[in-house]
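Please go through the structure below with the model open beside the text. The paragraphs follow the strands first, then a helix, and then the contact between the chains.

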Amino acid sequence: MADQAGWQRAVEAELRELGRGLDVPPAGSPTAAVRQRLQGPAARRLHPARRGTGILRRWRPAWRAALIVVAVLLTLLVATPQGRAVVAHVLRFAGIELQQEPGPAPSPRSGAALPGERRMSLAEARRHVSFPILVPTALGRPSEVVVSDGGRVASLIYRRTPHGLVRMDEFAGHLDPVFFQKFIHLGDVTQVRVNGLKGLWIKGPHVLLYVTRDGTPAAASARLTTGNTLIWGTPRVALRLEGNLSRTAALAIADSAR
Amino acid sequence: MLVARYTLRAHRAAFLLGAGEESDDVVQEAFVKAFRHLSRFRAGEPFAPWLLRIVANETRNLTRSRRRRTALALRLSAAEPAATAADGPADEVLAAERRTQLVAAVNALPDRERRVLVCRYFLDLSEAETAQVLEWPVGSVKSRTFRALNRLRGLLVAGQQGGVSRG
């Protein structure tokens, strides 16, 4: 029987080596075909259009598929050790680019701002932006509503909540590719579900940078976030929620966004 | 990106499990299904075995529907480098013969036993991963691997008695 075990180990090793010498033809590249099949006929478009609800509606399947692809990628990157090793690349999720590197130094000025910030009422803000502004009923009326960069981002600021200062940024994350860059450590990122949609929960402060319409990072906007952050997207708007919130509290607030 | 990263592994699995020249189609189908059924994927679980399970299923559907099991014998690569243990031309010839025999023996195994060997040794999956990919209990993976190796031994011994010597 000892001989049997020895033989078995030997043939196992031999099989492993044999595996390396087996003839496997080169693989094709299924990426384009897979993307096309996931997006369906609605995805046949030539150029990214700028804004408009009609376009938005037609874009939904594509946007959803893109989200799904990104979400899987993130699951992988977050979940697997080999994934973590490969993360020199940039991840994009709901208009936010995640990079695993230190990032620029936060702006020395406290209160680093987005470009062209304008305070206005919620009703006014809704007229200034092309996407629906969702308000979390769990927090009620915001203390302040700020629209930045010519209507590209709307921010709801809550000064007095049981969790302290809470901020919610909203933008059309499916139209333009990047609104914010976050410099994170992947170990701090976990995947969550918000109203049945994928989201990311980022634990702890990280450097956040606003990226303008032409793709340039706005250096003056660099700041260290407070508390924890939740990012997620609905078919029509992408959101990030920031504050000293527990994961449960953040998810409850996010779930209440209408 | 994701697709690109897993294509090679998925394609290798499809091919070695018997999809033959339809391996690319199997891989494409598997990715589409994987994305569509993403909700069944639990975060934190390794992705590769999950994807390979879909690949294995697709391959199985294909080979069943075509009843072309015999056409998908594994082959040694023509460009296979000389065996590492070979010290001289004579050893190389012997090693090459041995490998040819081994491939023939693997090809001669019953379907389930061959599949388990492909997963364990050609795709380098653990017993648990193999169980997941083939959708068998771990116990079956163990017993079928054991049976396959024994049968392989029988086939090789028979081959040696057929005149090929091995030191």
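**Strands, cores and the chain contact**

Strand β4 (residues 144-148) of chain A and β5(A) run antiparallel and are joined by 5 bridges. Two strands are taken to pair if DSSP finds at least two bridges between them. This is a predicted model, in which local features need pLDDT of at least 70 and side-chain atom pairs count only at pLDDT 80 or more, while totals for chains, interfaces and linings use all residues. Residues are numbered from 1 along each chain as its sequence is written, and chains are lettered from A and ligands numbered from 1 in the order in which they are written.

Strand β5 (residues 153-158) of chain A has 5 of its 6 residues buried, so the strand is largely enclosed by the rest of the structure. A residue is called buried if 20 or more other C-beta atoms lie within 10 Å of its own, exposed if 12 or fewer, and partly exposed in between, with C-beta atoms placed from the backbone.

Another hairpin of chain A is made by β10(A) and β11(A), with 5 residues between the strands. Its turn contains A:G215, which has a positive phi of about 90°. Strands β10 (residues 207-211) and β11 (residues 217-224) of chain A run antiparallel and are joined by 4 bridges, and A:L208 stands opposite A:R223 in β11(A).

Helix α6 (residues 247-255) of chain A has A:A250, A:L251, A:I253 and A:A254 buried. Seen down the axis of α6(A), the buried residues fall within an arc of 160° (taken from the directions from the helix axis to the C-beta atoms), so they line one face of the helix. The cover over these residues includes β8 (189-194), β9 (197-202), β12 (228-233) and β13 (238-243) of chain A. Overall, chain A has 6 helices and 13 strands, and 37% of its 258 residues count as buried.

How many residues of chain A are in contact with chain B? The contact involves 32 residues of chain A and 37 residues of chain B, where two residues are in contact if their C-beta atoms, placed from the backbone, lie within 7 Å. On the side of chain A that touches chain B, α1(A) gives the most, with 9 residues.

The largest nonpolar core has 48 residues, and those with the most contacts inside it are B:A10, B:A13, B:A14, B:A30, B:L51 and B:V55. Such a core is a set of buried Ala, Val, Leu, Ile, Met, Phe, Trp, Tyr and Cys residues joined through C-beta atoms within 7 Å. Its contributors of at least two residues each include α1 (2-20) of chain A and α1 (2-19) of chain B. α1(B) supplies the largest share, 9 residues. Leaving aside neighbours within four places in sequence, B:A10 is in contact with B:V27, B:A30, B:L51, B:L52 and B:V55.
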